[in-house]
Amino acid sequence: MRRGGHGRLVVGALVLAAILLIAADRQQALQPLLTAGAAVAGPVERAVAGLTSGGNERIRALEQENARLKAELWTRSAQPGTPPGIPATHPTLEGVRFVAAQVIAYGGQQGLSGTVTIDTGTAAGVRPDLTVVNGDGLVGRVVAAGPDTATVLLATDATSVIGARLAGAGEVGTVTGGGKPGGLLELSLLDSAAGVAPGQRVVTFGSRRMVPFAPGVPIGTVVSVGPATDPLTRTALVRPAARLTALDAVAVVIPP
């Protein structure tokens, strides 16, 4: 890595951790309401979904399996040593499970606008702050869970903050959602001199014990880069890898 090597990576990782902790605190006060809402609304949403599911069970099962396998592939590729530059702090895949699920409702929970409900919950090991993906990439993270359903905060929600890095380049930063035209995300790199260009892929940086984000999951692709005028960060707009307005089969990454 340029200019500062290991030392700059450590500083960047600490700053990134601080940003993510602040974002988590903003959600803390809402957690009891979100969990209660998931427990009450979940059975109703599951019943409605059952009436409208039609004859697509086989297709959905295949899509769910695809999402599960992709999640395992991305997470495995981000383990220490492959590819170069990934910190050696990520856990191994031993004991990690990938639970397939179905999106059964769109709509905001209290205090949140960009959420979906999935048809699996605490009975399957799903709990808040777990990564949710589909066959294309990152969907978001669980913010509340009832016995049989869970609420997922989409990457495009205004309150979403995701630790990220440029695939291959290794530059780290955050991806935030909300307020961008066309459902785009905003990438803020911690190095204001970082080289970033349209077409580069952005993936999750990963969190300790994979909570709330597993490493190496595709977030999206850079479509435009902001002017290098900010002395602290470099910004770019990112098109999400997953079609977050047309979700169906997903998978939840459940660490040991």
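Analyst: Let's start with one pair. Val116 stands opposite Val152 in E5. This is a predicted model.

User: Which strand pairs with E5 there, and over how many bridges?

Analyst: That is E2, residues 115-118. E2 and E5 pair in the antiparallel sense over four bridges.

User: And E4 with E5, how many bridges?

Analyst: Five bridges, again in the antiparallel sense. Ala144 stands opposite Thr151 in E5. A hairpin of four residues joins E4 to E5.

User: Is E5 buried or exposed?

Analyst: Mostly covered. E5 spans residues 150-154, and five of its five residues are buried. Both faces are covered. Ala150, Val152 and Leu154 sit on one side. Thr151 and Leu153 sit on the other.

User: What do these strands build?

Analyst: A closed barrel of six strands. The order is E1-E2-E5-E4-E3-E12, with antiparallel pairing. The twist averages 45° from one strand to the next.

User: How many bridges join E3 to E4?

Analyst: Three. E3 covers residues 131-133, E4 covers residues 138-145, and the two run antiparallel. Val133 has Leu138 in E4 as its bridge partner.

User: Switching to charges. How many salt bridges are there?

Analyst: The count comes to one salt bridge. Asp129 pairs with Arg141, and their closest N and O atoms are 2.7 Å apart.

User: Are the two partners buried or exposed?

Analyst: Arg141 is buried, with a relative accessible area of 11%. Asp129 counts as partly exposed, at 30% relative accessibility.

User: What about the hairpin of E6 and E7?

Analyst: That hairpin has five residues between the strands. Gly168 takes a positive phi near 85° there.

User: How does E7 pair with E8?

Analyst: E7 and E8, residues 185-189, pair in the antiparallel sense over four bridges. The bridge partner of Thr174 is Ser188 in E8.

User: How many of the residues in E7 are buried?

Analyst: Four of its five, which leaves E7 mostly covered.

User: Zooming out. How many helices and strands in the protein?

Analyst: Three helices and twelve strands. Buried residues make up 47% of the 256 residues.

User: What share of the contacts join residues at least 24 apart?

Analyst: 64%, among contacts between residues at least 6 apart in sequence.

User: Last topic, confidence. What is the average pLDDT?

Analyst: The protein averages 77, and 68% of the residues score at least 70.

User: Where does pLDDT stay under 50?

Analyst: Over residues 80-92. The model has 22 contacts for that stretch beyond four places in sequence.

Methods. Residues numbered from 1 in each chain as written. Predicted model: local features only at pLDDT ≥ 70, side-chain atom pairs only at ≥ 80, totals over all residues. Heavy atoms only, no water. Pairing = 2+ DSSP bridges. Axes fitted to C-alpha atoms, helices over the stretch in contact; angles between N-to-C directions. pLDDT = per-residue confidence, 0-100. Contact = heavy atoms within 4.5 Å. Buried < 20%, exposed > 50% of the residue type's maximum accessible area, 1.4 Å probe, protein only. Salt bridge = Lys/Arg side-chain N within 4 Å of Asp/Glu carboxyl O.
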